Amino acid sequence: MTFKVMAYVMSIGGFILGLRFLFAGASLLKQWGIEVTDGPLVVCRRLGAIYLGIAVLFFLGRSAGPSELRSAVCLGMGGASALLAGVGLFELSARRVSSGIVVPAVVEVVIAVGFVWAWCA
């Protein structure tokens with residue numbers, strides 16, 4: 001997997017997730033079995049802004065050549081994705097979320113592996 005491919009994946013995924021968290025956070029919370037209240041919705045909107053920022057970052061940096069910064073981005077996003085998957089599965093095992101978290105956790109593991117692969121390449 002090349003960095004350019006992972007950058008496009010993150011650009012598209014970050015854009016979609018950002019819009020969903022910003023404008024349809026309630027449906028996401030319901031999918032995960034979390035009560036829809038003002039607190040979680042505020043967090044969803046803030047996460048939406050972060051995901052849109054990540055999408056812009058990867059889109060603008062998609063052609064970056066090998067460098068220490070690109071390596072740091074690969075390892076940082078790979079680690080963050082793996083941590084997100086782990087936290088999601090931990091919350092599932094603690095019964096704080098529903099099984100709707102499993103698909104995002106699997107996707108996060110795939111993204112983590114893709115970034116580690118891009119880092120190694």
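Residues are numbered from 1 along each chain as its sequence is written, and side-chain values use heavy atoms, with hydrogens and water left out. Because the model is predicted, local features need pLDDT of at least 70 and side-chain atom pairs count only at pLDDT 80 or more, while totals for chains, interfaces and linings use all residues.

**Helix H5**

Helices here are DSSP runs (H or I, at least four residues), numbered from the N terminus. Helix H5 covers residues 102–120, 19 residues in total. From first C-alpha to last, H5 reaches 27 Å, close to the 27 Å expected at 1.5 Å a residue; the expected span is 1.5 Å times one less than the number of residues.

Buried means under 20% relative accessible area, exposed over 50%, and partly exposed in between (1.4 Å probe, protein chains only). In H5 the buried residues are Ala105, Glu108, Ile111, Ala112, Gly114, Phe115 and Ala118. Their cover includes helix H1 (3–23), helix H3 (38–60) and helix H4 (68–93).

Apart from neighbours within four places in sequence, Glu108 has contacts (heavy atoms within 4.5 Å) with Ser81, Ala82, Leu84 and Ala85.

**Nonpolar cores**

A nonpolar core is a set of buried Ala, Val, Leu, Ile, Met, Phe, Trp, Tyr and Cys residues joined through side-chain atoms within 4.5 Å. The largest has 11 residues: Phe3, Met6, Ala7, Met10, Ile54, Phe58, Cys74, Met77, Ile111, Phe115 and Ala118. H1, H3, H4 and H5 each supply at least two residues of this core, and the largest share, 4 residues, comes from H1. Beyond its neighbours within four places in sequence, Met77 touches Met10, Ile54, Phe58 and Phe115. A second, separate core of 9 residues includes Cys44, Tyr51, Val97 and Ile101.

**Aromatic pairs**

The structure holds 4 aromatic pairs. Rings of Phe, Tyr and Trp (its six-membered ring) pair if their centres lie within 6.5 Å; planes under 30 degrees apart count as stacked, over 60 as edge-to-face and the rest as tilted.

Phe21 lies in H1 and Tyr51 in H3, so their pair ties together parts 30 residues apart in sequence. Phe21 is buried at 6% relative accessible area, and Tyr51 is buried at 16%. The pair of Phe58 in H3 and Phe115 in H5 links parts of the chain 57 residues apart. Phe58 is buried at 1% and Phe115 at 0%. Ring pairs also join Phe3, Phe58 and Phe115 into a cluster.

**Loop residue Ile34**

Ile34 sits in the loop between helix H2 (25–31) and H3 and is partly exposed, at 27% relative accessibility. Ile34 and Arg96 are 62 residues apart in sequence but 7.6 Å apart in space, C-alpha to C-alpha. Leaving out neighbours within four places in sequence, Ile34 contacts Leu29, Arg96 and Val97.
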